[in-house]
Amino acid sequence: MAACRFVGRVLKLLAFKQLHLAEASVRVCRYSGLCCAIQSTHTRRRWTQLSASHIPVRNMFIQTQDTPNPNSLKFLPGRMVLESGTMDFAGYKHAYCSPLARQLFRIEGVKSVFLGPDFITITKEDADLEWKVMKPDIYAAIMDFFSSGLPVVNEDTPRADTAPSEEDDEVVSMIKELLDTRIRPTVQEDGGDVLYRGFEDGIVKLKLQGSCTSCPSSVITLRSGIQNMLQFYIPEVEGVEQVKDEEEEMEQGTKT
């Protein structure tokens, strides 16, 4: 009998301890769950505050697109860059009218900046520079700029006007219209642009910009693409000539 009473007491003590441990576990689980809920709520509130104060940055998804020029890369921020036209900045001193271009020129290795309606073309200084090294800084510069609320270009910025005017004769008007409607949109898809600079003795003078400036296939673009199309629609066109700035000619002379 004594042995049975002893065993019964032991079983009661074990049952009591198990019940106590179970209650403690429930309390721990409830406490942990409460802490997780509080932490989750706090995290959501904190994330909501961060997102609300940095909406332009958090919601920006920048894509890149290769161009025929291996030294130029096209960046698409997913929003409008210029309301109309394009702008080419060959160096930092030319970017006085564009806060965005000035910010991009602060990145080591950036040679030129070209702005389009919905894209930004960056040309690097040296072929040995790797895009994977430059991309993070370019992404950060673009996101920081668009979150700042600054204008891409100043209001008094001069623009290159290639639209037909009343002073143009019939041939020049046809050349400009063909450039604006058929040729320039195609070139802009590759991160560049082509501007009308004159028509004399059957020769159309054009200025290449963006990725087309130092592209190895720029001659092919002029001769096989632009010249053939102009000659097909306008018999008066005998050829196409590329016009370069003094700085471009000096740079080309230095390389050769």
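Reader: Which residue in S5 stands opposite Leu115?

Author: Leu115 has Ile120 opposite it in S5. The model is predicted, so local features need pLDDT of at least 70 and side-chain atom pairs count only at pLDDT 80 or more, while totals for chains, interfaces and linings use all residues. Residues are numbered from 1 along each chain as its sequence is written, and side-chain values use heavy atoms, with hydrogens and water left out.

Reader: What makes S4 and S5 a pair?

Author: Strands pair if DSSP finds at least two bridges between them. Strand S4 (residues 110-115) and strand S5 (residues 120-124) have five bridges, in the antiparallel sense, so by that rule they pair. Strands here are DSSP runs of E with at least two residues, helices are runs of H or I with at least four, and both are numbered from the N terminus.

Reader: Why are S1 and S3 said to stand at the edges?

Author: The five strands form an open sheet in the order S1-S2-S5-S4-S3, with antiparallel pairing. Strand S1 (63-66) and strand S3 (87-89) each have a single partner strand, so one side of each has no neighbour in the sheet. On average, neighbouring strands of this sheet are turned by 20 degrees against each other, direction ignored.

Reader: Which strands of this sheet does H4 touch?

Author: H4 packs on the sheet and touches S1, S2, S4 and S5, where contact means heavy atoms within 4.5 Å. The direction of H4 makes about 35 degrees with that of S2.

Reader: Why is the pair of Phe75 and Tyr139 called edge-to-face?

Author: Rings of Phe, Tyr and Trp (its six-membered ring) pair if their centres lie within 6.5 Å; planes under 30 degrees apart count as stacked, over 60 as edge-to-face and the rest as tilted. The count by this rule is five aromatic pairs. For Phe75 and Tyr139 the centres are 5.9 Å apart and the planes make 80 degrees, which is edge-to-face. Phe75 belongs to strand S2 (residues 72-76) and Tyr139 to helix H4 (residues 131-148), so the pair ties together parts 64 residues apart in sequence.

Reader: What makes H5 oblique to H6?

Author: The axes of helix H5 (residues 170-189) and helix H6 (residues 218-233) cross at roughly 125 degrees and come within 11 Å. That angle makes H5 oblique to H6. Angles under 35 degrees count as roughly parallel, over 145 as roughly antiparallel, 65 to 115 as roughly perpendicular and the rest as oblique. Axes are lines fitted to C-alpha atoms, for helices over the stretch in contact, with angles from 0 to 180 degrees between N-to-C directions.

Reader: Which residues meet where H5 and H6 are in contact?

Author: From H5 there are Met174, Ile175, Leu178, Arg182 and Ile183, which meet Ile226, Met229, Leu230 and Tyr233 of H6.

Reader: How do you know that S6 and S7 pair, and what lies between them?

Author: S6 and strand S7 (residues 203-210) share eight bridges in the antiparallel sense. Across this pairing Gly198 stands opposite Lys205, and Phe199 has Val204 as its bridge partner. The two strands form a hairpin with two residues between them, and Asp201 in the turn has a positive phi of about 55 degrees.
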